[in-house]
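Biologist: Could you walk me through how to read charged side chains in a model like the one below?
Modeller: Gladly, let us look at it together.

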Amino acid sequence: MVVPSRRSTVAVSAASALALALAVLAILAPTPAGAIEARCSACSAVAAELQAALESERPRNHLDMRGRLDSKGNRYGKMIDYKVSELRFVELLEGVCPDVGGYRLSAGAGDGGGGGKRWEKQSGGGGENVFTSIKARGKVMRAEIEGYCNRLVEEQEEALQEALYAKALNATNVDDYLCRKFTDECKGVKKIVKKEVVNKEEDATKVGSAGAGKAAKKGGKKGGKRGSKKGGAASAKEMDSPRDSLPSEKKEL
């Protein structure tokens, strides 16, 4: 019977401890923000919710930080513009990632930088397709997209805040800044213009053209009626006016 030496036992124990330590480090290591499928559309989802938060903003008064009293009983301190306050930035971001959790990965939904897959907002608790038919998978996707959102916002917090305070970031360009200028999440991916917006613009153009046509037609009818009325009135006036007396015929002698 071969008895393992003390050295071999120690070596095995050390190797096991090292393997365990590496496994723990792998679990605890920070995940990069881009570690998600269809990351361009994932970034666009975050941008869309931040943009919606900006659109729903209401005007706010300045923050009154004059909470202290001097020796004469007068309040002193600073008045901070809400638009450039830390409170505004926090309030804008606080609901973004929870709302992004309502997005699900869908197949065949255009180029989202994910090989034919795209993160889309689900209505009524999520659609039934190959990716969301199982509730467990839906929960996994919620955790995945929310985790991505938290990592992305944390990494770009300073850049977003500076752009917001400089009034460069607004309710029309969040996707351009977050997914194309601050990060490379949508690098090489063509920006998708929503069909609904295009259709609305086309409909507005059609309605405008139709309205102009109707107005011209209506104007033509009115002009015709006015012309007919004027012509009739003129004829009636001619009939009512006394005729010039005819020259009397000379009598032949």
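**Reading charge pairs and patches**

Modeller: Let us start with Arg 39, which is partly exposed because its relative accessible area is 35%. Buried means under 20% relative accessible area, exposed over 50%, and partly exposed in between (1.4 Å probe, protein chains only). This is a predicted model, where local features need pLDDT of at least 70, side-chain atom pairs count only at pLDDT 80 or more, and totals for chains, interfaces and linings use all residues. Residues are numbered from 1 along each chain as its sequence is written, and side-chain values use heavy atoms, with hydrogens and water left out.

Biologist: Which side chain does Arg 39 meet in a salt bridge?

Modeller: Side chains of opposite charge can pair when their charged atoms come close. The rule here asks for a side-chain nitrogen of Lys or Arg within 4 Å of a carboxyl oxygen of Asp or Glu. Arg 39 meets Glu 185 in this way, at 3.8 Å from N to O. Glu 185 sits in the loop between helix H7 (174-181) and helix H8 (195-240) and Arg 39 in helix H2 (residues 39-55), so the pair ties together parts 146 residues apart in sequence. Helices (H or I, at least four residues) and strands (E, at least two) are DSSP runs, numbered from the N terminus. Glu 185 is buried, with a relative accessible area of 10%.

Biologist: How many salt bridges does the rule give?

Modeller: The count is seven. Among them is Glu 49 with Lys 121, whose closest N and O atoms are 3.2 Å apart. This pair links distant parts of the chain, with Glu 49 in helix H2 and Lys 121 in strand E6 (residues 117-121), 72 residues apart. Glu 49 counts as buried at 8% relative accessibility, while Lys 121 counts as exposed at 52%.

Biologist: Which residues gather in the patch of negative charge?

Modeller: Patches are made of residues with over 30% relative accessible area and no salt bridge, like charges being joined within 9 Å. Asp and Glu count as negative, and the place of a charge is CG of Asp or CD of Glu. On the surface, the negative patch gathers Glu 86, Glu 154, Glu 155, Glu 157, Glu 158 and Glu 162. Helix H5 (135-155) and helix H6 (157-165) are the elements that give two or more residues to it. H6 gives the most, with three residues. Glu 157 is in helix H6 and counts as partly exposed at 34% relative accessibility.

Definitions and conventions: Patch = residues over 30% accessible without salt bridge, like charges linked within 9 Å, V, L, I, M, F, W, Y side chains within 5 Å. Areas by Shrake-Rupley, 256 points an atom, 1.4 Å probe, with all protein chains shown as cover.
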